[in-house]
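Here are my notes on this model, point by point. Please read them with the structure open.

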Amino acid sequence: MTIPELNDVHPAWLPPEAFRAVGSRRTLVAGDGTLAETVRAEVAHACARYGGEPVASGAAHDLALTLSPDGDLGDEDFVLGRRDGVTTVRAGGQAGLLYGFFEVVRLGEAAFAADRAAVRHRPATRRRMLDHWDNIDVHPVMGQVERGYAGGSIFWRDGVAHDDLTRVRAYGRLLAASGVNAVAVNNVNVHATEARLLTDRLGEVAAIAAELRPYGIRVHLSVNFASPVALGGLPTADPLDAGVREWWARTTERVYATIPDFGGYVVKADSEGQPGPFAYGRSHADGANLLADALAPHGGVVHWRAFVYDHRQDWRDRSTDRARAAYDHFAPLDGRFRDNAILQVKYGPMDFQVREPVSPVIAAMPATRLAVEFQVTQEYTGQQRHVCYLGPLWSEVLGFRPWGEAGPAVADVAVRGGVVAVSNVGDDPYWTGHPLAQANLYAFGRLAWAPGLEPGAVLDEWIGLTFAGCADPERLRRTLREMMDGSWRTYERYTAPLGVGFMVRPGHHYGPDVDGYEYTPWGTYHFADRDGVGVDRTRSSGTGFTGQYPEPWSEVYESLDDCPDELLLFFHHVPYGHVLGDGTTVVQHIYDTHFAGAEEAARTRLLWEKLAGDGLVAPDLYARVRERLDEQVRSAGEWRDQLNTYFLRKSGVPDAHGRPIH
Ligand code: GCV
């Protein structure tokens with residue numbers, strides 16, 4: 001086992017300096033197995049640089065990482081403490097040893113300072129997963145990585161897997177240090193070439209799995225529901241057909257013969273053109289169970305996506321509501337999914353908008369294992385050209401209580417199914433295009449592991465690791481916190497207002513286009529006219545979507561008075577003069593937030609500029625962020641002007657402060 005080292009690629013949150021504290025100590029690693037070997041190699045690697053020493057059992061040491069499988073610790077759990085000058089990590093399994101090691105790295109010198117009471121660490125949920133929307137062949141419209149904003153794929157290039165997969169190993173290392181333990185390596189839109197990863201191109205998946213295994217990460221594969229026809233030559237892919245069931249069973253057996261620790265399948269079915277069980281008059285439970293049954297003998301799981309809706313809607317038809325679709329399709333199927341079928345639900349009912357209510361599906365299926373899906377890749381949140389730290393959004397969603405304050409939170413529901421997100425990584429030298437977007441990847445792993453972590457504290461961890469060894473860490477920390485803490489809300493301010501969403505350019509989804517989707521089949525409308533704006537999703541006069549929530553939210557969202565302002569236009573169509581909680585009207589709020597948001601973007605750039613030339617960050621990283629900030633400021637100005645102009649022209653209501661609107 002060699003620790004991956006890459007030239008010309010930024011080390012993200014694992015620069016050599018982050019290992020100084022561990023690397024300058026005497027460390028004992030007790031335990032056997034693949035992951036224990038990784039920890040041993042990590043310790044040796046850090047010691048070689050910083051003068052410490054890996055020691056054998058019986059020798060004096062400062063840090064002991066010990067595998068002690070018996071007891072009450074799960075495989076990923078560990079207990080960390082310090083007494084009598086020795087820091088100890090006692091792990092329930094090899095994975096716990098690895099996570100315990102990275103916890104010590106995260107703590108740095110603090111791990112070796114004062115005594116600390118033994119604290120038990122355990123992940124909130126067993127599966128913390130990243131989905132890659134990577135294509136093997138460059139797709140004519142979507143490119144190498146669908147919704148990718150960080151260059152090509154780290155797995156595939158121009159039709160084949162990369163020869164040198166060192167970068168995949170380094171990725172696994174970064175993910176392990178954040179808490180992620182599963183990766184799906186291809187796009188959920190499974191095109192012809194990618195479908196074959198399941199059969200004759202399985203070797204490429206095995207090669208990737210071999211790189212990720214030493215860091216405790218299992219590989220999953222997105223599969224095409226029509227594979228029995230497309231790959232197996234069968235006349236049907238009907239989930240109840242015996243030949244089809246047999247085909248999936250045999251195919252899956254071969255997968256496990258090649259990759260014994262394979263994680264399972266991810267399926268997007270009957271969605272945006274992907275095939276699915278509807279073609280055979282079968283339900284999505286039938287579809288998911290077909291694959292679950294094939295995977296069960298091998299311990300695998302199927303992630304079946306709930307992102308099913310009609311993308312050929314008639315915009316003239318006000319009764320159809322895309323927000324209703326996932327619940328309408330799936331809630332009636334509660335209790336009908338196998339135990340190794342996980343229903344993967346996007347956090348909101350629409351599609352990864354900057355502001356949406358939490359999906360009602362999450363509260364509707366108590367007898368089904370649900371995973372919550374986030375989007376680390378910033379499709380609708382600035383495409384890694386804008387600073388937009390998403391930790392606060394995810395934290396808000398995970399902490400939301402669908403049954404009211406006394407009930408469980410979304411994170412509690414996800415315990416059984418896991419937390420999943422679409423990765424933002426590509427073959428870019430900074431991994432994520434925008435160097436500050438690395439924080440989103442890190443934060444996803446940390447919040448999936450411990451949903452109660454405070455997003456600002458996660459940011460501090462990320463800053464401390466990424467910029468370890470910085471000459472003035474406190475100044476840098478303060479600057480980055482100021483730039484990033486509120487960046488999601490800033491982005492919200494200068495883009496679509498009050499929860500309405502989708503005022504983006506169709507297709508690529510970057511930049512403003514208020515009516516871009518208004519008369520399309522995609523079901524994403526705002527219904528602005530001369531009198532008002534917003535979607536009436538009430539039971540009393542609208543689409544009835546509010547009725548998909550349990551109380552108290554079904555009542556809160558239904559009521560114009562109680563509906564939270566930030567979601568007002570998601571649930572209600574209101575006149576421009578409607579008065580919000582802070583006393584401003586809707587249209588004045590639109591003007592105010594768009595002016596403020598664009599100003600905040602400019603202030604973010606100023607904060608960064610103050611770091612120029614003082615050596616706190618490397619010049620190339622400084623320049624990359626600076627270049628992105630220029631685009632953010634430009635784009636925020638464009639959003640401000642288009643949105644304000646649009647609503648001035650529609651409403652005829654002037655800005656109360658007489659600011660320039662075009
Ligand atoms: C992979 C959105 C994106 C699509 C994506 C889809 C999904 O609609 O724009 O690119 O497809 O979500 O989550 O399946």
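How many bridges join β17 to β18, and in which sense do the two strands run? Four bridges join them, and the strands run parallel. Keep in mind throughout that this is a predicted model.

1. **The barrel.** The strands β7-β12-β13-β14-β15-β16-β17-β18 form a closed barrel of eight, with parallel pairing. Neighbouring strands of this sheet are turned by 25° against each other on average, direction ignored. Helix α6 (residues 202-212) packs on the sheet. It touches β12 (182-184) and β13 (218-222). The direction of α6 makes about 150° with that of β13.

2. **Strand β18 and its two neighbours.** On one side, β18 pairs with β17 through four parallel bridges. Here Q375 stands opposite V422 of β18. Strand β7 (residues 128-131) also pairs with β18, again in the parallel sense and over four bridges. In that pairing, R128 has V419 of β18 as its bridge partner.

3. **Side chains of β18.** Which residues of β18 point one way, and which the other? V419 and A421 point one way, V420 and V422 the other. All of these are buried. In a regular strand the side chains alternate between the two faces of the sheet.

4. **Strand β16.** Strand β15 (residues 301-305) and strand β16 (residues 341-346) run parallel and are joined by four bridges. V302 stands opposite A341 in β16. W304 has L343 of β16 as its bridge partner. Is β16 enclosed or open, and why? Six of its six residues are buried, so the strand is largely enclosed by the rest of the structure. A341, L343 and V345 point one way from β16. I342, Q344 and K346 point the other way, and they too are buried. Note that this list includes Q344 and K346.

5. **Aromatic pairs.** The structure holds 35 aromatic pairs. One of them joins W247 and W248. Their ring centres are 5.1 Å apart and their planes stand at 85°, so the pair is edge-to-face; the cut-off for that class is over 60 degrees. W247 is buried, at 6% relative accessible area. W248 is buried as well, at 0%.

6. **A pair between strand and helix.** The rings of F374 and W394 have their centres 5.9 Å apart, with planes at 45°, so this pair is tilted. F374 lies in strand β17 (residues 369-375) and W394 in helix α12 (residues 391-399), so the pair ties together parts that are 20 residues apart in sequence. F374 counts as buried, at 1% relative accessibility. W394 also counts as buried, at 1%.

7. **Ring cluster and charges over rings.** Ring pairs link F400, F545, Y549, W553, Y557, F570 and F571 into a cluster. Two arginines deserve a look. R318 lies over the face of F527, at 3.7 Å from the ring centre. R385 lies over the face of Y510, at 3.9 Å from the ring centre.

8. **Helices α3 and α4.** The axes of helix α3 (residues 94-107) and helix α4 (residues 166-178) come within 8 Å. They cross at roughly 80°, and α3 and α4 are therefore roughly perpendicular to each other. From α3, the contact is made by L98, Y99, F102 and R106. From α4, it is made by R173, A176 and A177.

9. **Helices α4 and α14.** How do α4 and α14 cross? Their axes come within 8 Å and cross at roughly 50°. That makes α4 oblique to α14. Y171, L175, A177 and S178 of α4 meet L441, Y442, G445 and R446 of α14.

10. **W431.** Where does W431 sit? It is in the loop between β18 (419-422) and α14 (438-449). Is W431 buried or exposed? At 3% relative accessibility, W431 counts as buried; the cut-off is under 20%. W431 and A150 are 281 residues apart in sequence, but their C-alpha atoms are 6.4 Å apart in space.

Note on methods:
Residues numbered from 1 in each chain as written. Predicted model: local features only at pLDDT ≥ 70, side-chain atom pairs only at ≥ 80, totals over all residues. Heavy atoms only, no water. Pairing = 2+ DSSP bridges. Axes fitted to C-alpha atoms, helices over the stretch in contact; angles between N-to-C directions. Contact = heavy atoms within 4.5 Å. Phe/Tyr/Trp six-rings, centres within 6.5 Å; stacked < 30°, edge-to-face > 60°. Buried < 20%, exposed > 50% of the residue type's maximum accessible area, 1.4 Å probe, protein only. Lys NZ or Arg CZ within 6 Å of the ring centre and 35° of its normal. Parallel < 35°, antiparallel > 145°, perpendicular 65-115°, else oblique.
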